[in-house]
Amino acid sequence: MKEIRIGMVGYKFMGKAHSHAYRDLPMFFPDQPRPVMKMICGRNEENVQKAAQQFGWEGSSTDWRELMDSPDIDLIDINAPSDAHKEIALAAAAAGKHIFCEKPLALTLKDSREILEAAEKAGVKHMIGFNYRFAPAVLLAKKLVEEGRLGDIYHFRAWFLQDWLVDPEFPLTWRLQKEIAGSGSHGDLGAHLIDLAHFLVGDISEVIGMSETFVKERPVPDNMTGLSAQASKDSPKEKVTVDDATLFMARFENGALGSFEATRYASGHRCTNSFEINGSKGSVKFDFERMNELQVYFQDDADDVQGFRRILATDPAHAYADAWWPPGHTIGYEHTFIHEVVELMNAFKEDRQPIPDFTAGVKCQQVLEAVDLSIEERSWIKPSDL
């Protein structure tokens with residue numbers, strides 16, 4: 001397939017990120033099938049028309065069902081709010097459309113499994129949006145683990161810290177409503193940490209956690225976009241129905257120990273998405289706020305030069321880097337989505353499932369719900385039992 005014709009549902013934060021990836025891919029990765037931006041969908045006609053013009057889509061619609069009926073669309077991109085994922089994904093599978101869905105795959109493990117089953121039954125390609133896998137520095141960490149250069153893995157610790165909810169008067173966006181978002185920092189931020197753990201270390205065998213909602217009520221917003229929102233001074237307040245912070249411990253099937261922290265109340269942390277892996281031969285440290293860098297330590301270095309070294313993952317030896325700029329010229333957040341789409345287009349080119357596919361989405365949801373159950377029961381829970 002020389003081109004993949006796309007219909008996208010959603011046009012805000014992730015819609016812009018995905019649109020940018022589709023537009024830039026042909027310039028930097030010309031050997032891949034070309035994404036064709038056919039139609040973008042959203043509920044507000046005026047806003048979705050503006051988004052179509054701004055982002056470069058051929059047309060727009062307020063009814064995503066038009067995408068399913070169109071013979072001119074091969075792939076459905078779903079980045080609408082989380083509560084809409086299931087209905088759209090099931091319709092896409094039934095229509096024989098390939099699917100690219102932002103995380104979470106669905107609000108529950110049961111629904112996630114239903115989506116995976118429908119996609120497999122339809123024989124379509126399916127990919128879930130865990131974009132942080134695609135930072136070259138993260139892929140370098142993956143390479144060091146796979147090649148055994150860190151030895152036996154003992155520890156994986158990860159934390160995703162943000163502070164955009166510290167103000168108690170910040171409005172009640174949809175991300176703070178369980179019926180729309182599914183969960184709060186746990187499912188929004190913690191899901192990325194869980195996927196990175198699966199990607200880098202392996203499957204999680206058991207978990208135990210705790211969570212807290214610090215601000216119980218917030219003003220109803222007048223409007224919201226992405227992670228921003230506004231509310232008038234006299235706006236009524238409604239209940240926050242998700243967690244503000246969730247922490248949990250884990251054991252991995254390979255014997256490693258894990259700790260995970262996700263919060264939107266870490267003052268001074270805008271997007272501290274970080275992990276550290278400790279092994280018998282070395283360690284690595286990553287922080288997305290310095291996404292081009294990986295801190296690497298090797299146990300067998302000479303005593304007088306032992307210590308963490310900074311590796312700038314911008315050389316041709318690093319994943320995807322040879323498509324961009326000369327060594328030392330860094331890339332940014334948006335490039336993780338471009339790399340994600342490169343993997344998706346490669347899957348069409350090579351006629352295989354992209355990675356990560358919906359199986360990874362189900363596995364992540366399994367851990368998320370195991371943590372929730374462990375908090376409820378105050379005990380260790382095995383994700384495999386769910």
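**Review note on the predicted model**

1. D351 is exposed, because its relative accessibility is 62%; here exposed means over 50% relative accessible area, buried under 20% and partly exposed in between, with a 1.4 Å probe and protein chains only. This residue lies in the loop between α9 and α10, where helices (H or I, at least four residues) and strands (E, at least two) are DSSP runs numbered from the N terminus. Phi of D351 is near 55°, a positive value in a residue other than glycine.

2. The model is predicted, so local features need pLDDT of at least 70 and side-chain atom pairs count only at pLDDT 80 or more, whereas totals for chains, interfaces and linings use all residues. Residues are numbered from 1 along each chain as its sequence is written, and side-chain values use heavy atoms, with hydrogens and water left out.

3. Y320 also has a positive phi, about 70°, although it is not a glycine. Its place is in the loop between β18 (309-312) and α9. Y320 counts as buried, because its relative accessibility is 18%.

4. Aromatic pairs are taken as rings of Phe, Tyr and Trp (its six-membered ring) with centres within 6.5 Å, called stacked if the planes are under 30 degrees apart, edge-to-face if over 60 and tilted for the rest. By this rule the model has 20 aromatic pairs. One of them is tilted: the rings of F156 and F260 have centres 5.7 Å apart and planes at 45°. The pair joins distant parts of the chain, with F156 in strand β7 (residues 153-161) and F260 in strand β14 (residues 257-263), 104 residues apart.

5. F288 is buried, with a relative accessible area of 8%, whereas Y333 is partly exposed at 26%. The two residues belong to one aromatic cluster together with F13, Y132, F160 and F337.

6. Charged side chains also meet rings, the criterion being NZ of Lys or CZ of Arg within 6 Å of the ring centre and within 35 degrees of the ring normal. R65 lies over the face of W64, at 4.3 Å from the ring centre. The charged end of K285 sits over the ring of F308, 4.2 Å from its centre.

7. A nonpolar core is a set of buried Ala, Val, Leu, Ile, Met, Phe, Trp, Tyr and Cys residues joined through side-chain atoms within 4.5 Å. The largest one has 108 residues, and F156, L200, F260, F275 and I277 have the most contacts inside it. A second, separate core of 10 residues includes L172, V215, V240 and V242. In soluble globular proteins, nonpolar side chains tend to be buried together.

8. T263 is placed in strand β14 and is buried, with a relative accessible area of 6%. Leaving aside neighbours within four places in sequence, T263 is in contact (heavy atoms within 4.5 Å) with F160, L161, Q162, S185, L189, D244 and A245.

9. M224 lies in strand β10 (residues 223-225) and counts as partly exposed, at 28% relative accessibility. Not counting residues up to four places away in sequence, M224 touches K12, T173, W174 and A229. M224 and K125 are 99 residues apart in sequence and 33 Å apart in space, C-alpha to C-alpha.

10. Points are joined across faces, edges and corners, and a volume is the space filled by probe spheres set on them. By this rule there are 3 cavities of 30 Å³ or more. The largest cavity holds about 50 Å³, and its lining includes P136, N292, W324 and W325.

11. The second largest pocket holds about 240 Å³. Among its lining residues are Y11, K12, F13, H20, F55 and E334. Helices α1 (13-28) and α2 (45-55) each supply at least two residues of this lining.

Key:
1 Å grid on protein atoms, 1.4 Å probe; cavity = no way out; pocket = protein on both sides within 12 Å on 5 of 7 lines; lining within 4 Å.
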